[in-house]
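Reader: I am new to this structure and would like to go through its aromatic rings with you, one question at a time.

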Amino acid sequence: MRQVVLLGLMFYRKFISPLKPPTCRFYPTCSEYSIQAVKKYGVVKGLWLTVKRLAKCHPFHPGGYDPV
């Protein structure tokens, strides 16, 4: 299951992300954060951390360095 999720994330980074302008306010980017979280914590907790990170992605959050 982990490999399927990672392949989906890598597909997004390679084919979908380049179509959009760079707007990420965090380092590492949300897709890189998601890959690191899934590798470190597994699918369930990694995707939960990704959802929490995406919830912080709005104009009123300052962004910055946010490691896994």
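Reader: Is F15 buried, partly exposed or exposed?

Author: This is a predicted model, in which local features need pLDDT of at least 70 and side-chain atom pairs count only at pLDDT 80 or more, while totals for chains, interfaces and linings use all residues. Residues are numbered from 1 along each chain as its sequence is written, and side-chain values use heavy atoms, with hydrogens and water left out. Buried means under 20% relative accessible area, exposed over 50% and partly exposed in between, with a 1.4 Å probe and protein chains only. The relative accessible area of F15 is 47%, so this residue counts as partly exposed.

Reader: How are the planes of Y27 and Y65 arranged: stacked, tilted or edge-to-face?

Author: Rings of Phe, Tyr and Trp (its six-membered ring) pair if their centres lie within 6.5 Å, and planes under 30 degrees apart count as stacked, over 60 as edge-to-face and the rest as tilted. For Y27 and Y65 the centres are 6.1 Å apart and the planes make an angle of 25°, and the pair is stacked.

Reader: Which ring has the charged end of R53 over it?

Author: A charge sits over a ring if NZ of Lys or CZ of Arg is within 6 Å of the ring centre and within 35 degrees of the ring normal. K45 lies over the face of Y41, at 4.5 Å from the ring centre. The charged end of R53, 4.5 Å from the ring centre, sits over Y33.

Reader: Is D66 buried or exposed?

Author: The relative accessibility of D66 is 15%, so D66 counts as buried.
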